[in-house]
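Biologist: Would you kindly take me through this structure by question and answer?

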Amino acid sequence: MKRRARRVLPFAVVVALATAAPFVLSEFATSLLAEILIWSILAMGLDLLFGYTGMLSFGQALYFGVGAYGITLGVTRLGWAFLPSLLLAVIAAGVAAGIAGFFAVRLTWHYFAIITIIFSLVLYFVALSRADLTGGEDGMSFEVPPIVDFGGVELSVYEPLVEYYFVLIVTVISFLLLRLITRSQLGLVFRALRDNTNRASLLGYDTLRYRWVSFVIAGMFGGLSGALLAVKMRYASASYLFWTVSGDAVIWTVVGGAGTLVGPIVGTATLITLRDYLSTWFENHQLFTGLIAIVVVLTAPQGIVGLARRLTTRS
Amino acid sequence: MAEILVLHALNGLVWGLITALIALGLSIIFGLLDIVNVAHGDLFMVGAVLAWYLVRYVDNFWLALVLAPLAVALLGIVLERLVLRSIDVARSLVVTFGLSLILQDAVRSTFGPTPQRMLPPFEHTIPVFDFNYSLYRLLAALIALAAIAGLFLYLHHTKFGTWMRAVRQDRDMATAMGIPTDQVFMVTFAVGAGLAALAGVVATPITTIEFRIGLVILPAAFIAVVVGGLGNLPGTAAAAVLLGEAEGIASAFFSPTTARIFSLIFMSAVLLLRPHGLFTRRTG
C-alpha cells in the first residue's frame, strides 16, 4: 500500500498543479503549456516504441501529419463533428502505422531508422504534390467545431480554458493508457524484445507481431498528438510531415530519458520552454536545442530522468 | 523531344555525380565509425556557403574549390574529436541531428535566411543539338568524377587508405596489428566532411543556396547509400549516378516531386528485399 502511495502521489501532485496552472499562469503561458502537453503525447508514443521496445523510429512525423490532416479533412471535407473527426485522425494514423509497420518492423536498428525516415518522406512529398487537398507547404486553416454541442451545452476550443482542460485530460488519459501498457504483460514482452530479441523469439514470442503492435500504438498516439496540434493551431500543413518533426520527438525523448514515459514529458517541457524563452532573446534558438541535446546525450545517456533517479537512489 | 531528353540526362548526370560525393562520405563514415550522420547534408551546405563568401569577397572560385573543403574537413576533425568519439548508432542519430540544428542556425544567423545565387566562374556554353549547354556544368561533373577517382585511389593505393579499409573489415584485428584506429576514425570523418563540402562548392553555381539545402540533398544521398549497399562504395557511387539519371529523365515527364516519390518507394523496396544493396552479392 505504501509503495503504491509513493507511486501515485507524484502523479497526483503533477496533475493537481497542471489543473491549477491556468489560474496562476498568464494566458500565454497556459497556451504554451497546452502545446507542451500536445507534443509530449507524440514523444510518449515514441518512447513506447524506442524506450520500451528498442525501435528507434525517425519517422513519427508521418503519423503526426496523418493525425493533423485526419481531423482537418474530417471537419472541412466530410463536415464531421469534433469527436468523430478526432477519432478518424487517430484511426487513420493507426492504419498508416499498420501499413508502414508491416514492412518496417522486418528491419532492425539503422535499417529500421532509415526506412521510417523514407516512409515519412514519401508522404511528405505526396502531401506537397497534392496541394489541392493538403494546402502543401502553406497549409490550410480551418474552423474547429465545438468539442461538445449537446442539450444547450457548447464547449469550444475557442474558449482558452476549455481548450487547455481538454488537452490536459487527453494527455493524462494518454499517459495512463501508456503506463497501463508498459506495466502489462504486453509491456513486459516489449521490454524483452528490446533487451534480447533472439531470446524472446526462442521463448516462442512472435517478435514481428509484437514489434508491429508497438509500432501501431506509437503511431496512434502520434496521430492523436498531430490532431490536437492542428486543433490548437486551427491549421495543418505539409511541414507537420517533414522529418525534422520526427527528429524533435527523438531529441525530446532522449533528452528527457527514454524508457521512462515520464522522461519524454520532462524533455518536451524543458526544450520547448527553453526554446520559447530563448527565442524572445535570440533568433537562433535551434542552436541551443542542438547544443543541449548533444550535451545531455554525452553526459547523461539515460536523460534527465535517468540522471535524477541515479542522484536520488545514490544518496 | 530527344534534345530535351539529352538535356535532362546531362543534368541528371551532373547532379548524380555531386550526390555521389555526398553519399560516398556518408558511406565511409557509416562503414567505419558506425555513425549515421544526419548532419552530412549540412556539411554540404556549409561548403556551399563558404564558397559563396569566398567568391563574393576574394572573387576566386578556384580558391574556394580548395579552401572550403579543407575548412570543412578541419571542422569535421573537431566534431569527431569533440562529440562523435565512440558513440552508438542510436545516440549518433541524436547527436548529429543536434549538430545539424546548430550548423543550420549558425549559417542562418550569419548568412541570412534568404536564398542566394552565385554565377559560375565562366559562362561559356557548348552546343548540344539546338541548345547551348553550360560548360561549367560539364566541368562540375568532371571535378566530381576526379574526386571520386581520387577517393578510390586513396583507399587502394596509400597506407592510410589501406588502414581505413582494414579497420572497416575488422576493427579489433586492425588495432591488434598496430593500426592507429583513432587516427583512422579522425581522417575518415575529415575526408567524408571534405567530400560533402567539395560537392557543396561545385553545386553552388548551379543551384540556389540557403541554410536548408542540406535537408533537401540528404535524403537523395541516403537513397544512394542504401540502394548501393551500406559500405559498398562503388555500388553507392553507381547508385547515385543512376538515381540522378532516373530522376533527371523522369523530371522531363513528371514533376520533380513525383520523381522523388518514385525513387523513395524504389529505395524502400531495395531496403526490404535486398538490405545489403542492389550491387552487393551476398555470400554465406
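This is a predicted model: local features need pLDDT of at least 70, side-chain atom pairs count only at pLDDT 80 or more; totals for chains, interfaces and linings use all residues.

Modeller: Residues are numbered from 1 along each chain as its sequence is written, and chains are lettered from A and ligands numbered from 1 in the order in which they are written.

Biologist: Is G248(B) buried or exposed?

Modeller: G248(B) lies in helix α10 (residues 233-250) of chain B; helices (H or I, at least four residues) and strands (E, at least two) are DSSP runs, numbered from the N terminus. A residue is buried if 20 or more other C-beta atoms, placed from the backbone, lie within 10 Å of its own, exposed if 12 or fewer, and partly exposed in between. Because G248(B) has 22 C-beta neighbours inside 10 Å, its class is buried.

Biologist: Which residues does G248(B) touch, not counting residues up to four places away in sequence?

Modeller: Two residues are in contact if their C-beta atoms, placed from the backbone, lie within 7 Å. G248(B) and G16(B) are 232 residues apart in sequence, yet 8.9 Å apart in space, C-alpha to C-alpha. Leaving out residues up to four places away in sequence, G248(B) touches H8(B), A9(B), N11(B), G12(B) and W15(B).

Biologist: How is V83(B) classed, and which residues does V83(B) touch, not counting residues up to four places away in sequence?

Modeller: V83(B) belongs to helix α3 (residues 61-84) of chain B. Because 17 other C-beta atoms lie within 10 Å, V83(B) is partly exposed. Beyond residues up to four places away in sequence, its contacts are I294(A), L298(A) and V95(B).

Biologist: Which element gives the largest share of the side of chain B that touches chain A?

Modeller: The contact takes 33 residues from chain B and 35 residues from chain A. On the side of chain B, the elements giving two or more residues are α4 (89-111), α9 (213-228) and α11 (256-273). The largest share, 16 residues, comes from α4(B).

Biologist: How are α2(A) and α10(A) oriented to each other?

Modeller: The axes of helix α2 (residues 27-52) and helix α10 (residues 207-233) of chain A come within 8 Å and cross at roughly 170°. Axes are lines fitted to C-alpha atoms, for helices over the stretch in contact, and angles run from 0 to 180 degrees between N-to-C directions. Angles under 35 degrees count as roughly parallel, over 145 as roughly antiparallel, 65 to 115 as roughly perpendicular and the rest as oblique. Therefore α2(A) and α10(A) are roughly antiparallel.

Biologist: Which residue in the turn of the hairpin of β1(B) and β2(B) has a positive phi?

Modeller: Strands β1 (residues 125-128) and β2 (residues 131-134) of chain B pair in the antiparallel sense over four bridges; two strands pair if DSSP finds at least two bridges between them. P127(B) stands opposite N132(B) in β2(B). The hairpin has two residues between its strands, and the one in the turn with a positive phi, about 50°, is F129(B).

Biologist: Is D59(B) buried or exposed?

Modeller: D59(B) sits in the loop between α2 (40-57) and α3 of chain B. Phi of D59(B) is near 55°, a positive value in a residue other than glycine. Because D59(B) has 10 C-beta neighbours inside 10 Å, its class is exposed.
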